[in-house]
Amino acid sequence: ISGYIADIKVKGGQKVRKGDVLAVLQQDEYLAALTQANAEISASEADFTNAKVKYERMQKAGVKAVSPTDMDSAKAAYLAASAAVEKAKAGGLAAKTDLNYTYLVAPFDGVLGNIGVSVGEYVSPQGQNLMTLVQYSPIRVVFSVPDKEYLNHFQPEENNSLTVKIKLANGVVYPY
């Protein structure tokens, strides 16, 4: 969804776990939409109850007291009110989903890279990346070894294997 950044809960270089809230978009618009959707649900349920009671009363009165046209109209109003309730509930679910999307959460465990946005900035799905999250478990490393170095350390006829160690940017050897 689109919106203004209201709060950034993390910093670059920070480790985060899956589900951690990284940032929050302004929620006023989405809270208002949810409140409106809930009001529409209540109104449609009231209309449904009214239409149902009217239709049931007409059915009890029978065909001698109520014309077929009035009975058909009452049934149509009852069915339309039932559909309106379902439509309003779907609108409420959509509004709730949009509100939940105002919380930007980590999709997996990792380490944050640079954060490319700041509080108050407008963001949208078509815009720039907000932040980069790098997965560290499992980690995949791709590298090449020059032929000369490979041949110096590996003799095919000896049927041995290489042990590769990775030195991280801070000089620490990756222990796994």
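Lys9 and Asp7 join side chains in a salt bridge, 3.0 Å from N to O; the term means a side-chain nitrogen of Lys or Arg within 4 Å of a carboxyl oxygen of Asp or Glu. By this rule the count comes to 2 salt bridges. Bear in mind that this is a predicted model, where local features need pLDDT of at least 70, side-chain atom pairs count only at pLDDT 80 or more, and totals for chains, interfaces and linings use all residues. Residues are numbered from 1 along each chain as its sequence is written, and side-chain values use heavy atoms, with hydrogens and water left out.

**Salt bridges**
- Lys9 is partly exposed at 48% relative accessibility (buried is under 20% relative accessible area, exposed over 50%, partly exposed in between, with a 1.4 Å probe and protein chains only).
- Arg17 and Asp109 make a salt bridge too, at 3.5 Å from N to O.
- That pair links distant parts of the chain, 92 residues apart.
- Arg17 is exposed at 52%, while Asp109 is partly exposed at 25%.

**Sheet**
- Four strands form an open sheet in the order E4-E3-E1-E6, with antiparallel pairing (strands are DSSP runs of E, at least two residues, numbered from the N terminus; two of them pair if DSSP finds at least two bridges between them).
- Strand E3 (residues 21-25) is joined to E4 by 3 bridges, and Ala23 has Leu104 as its bridge partner in E4.

**Nonpolar core**
- The largest nonpolar core has 8 residues, including Val16, Leu22, Ala106 and Leu133 (a core is a set of buried Ala, Val, Leu, Ile, Met, Phe, Trp, Tyr and Cys residues joined through side-chain atoms within 4.5 Å).
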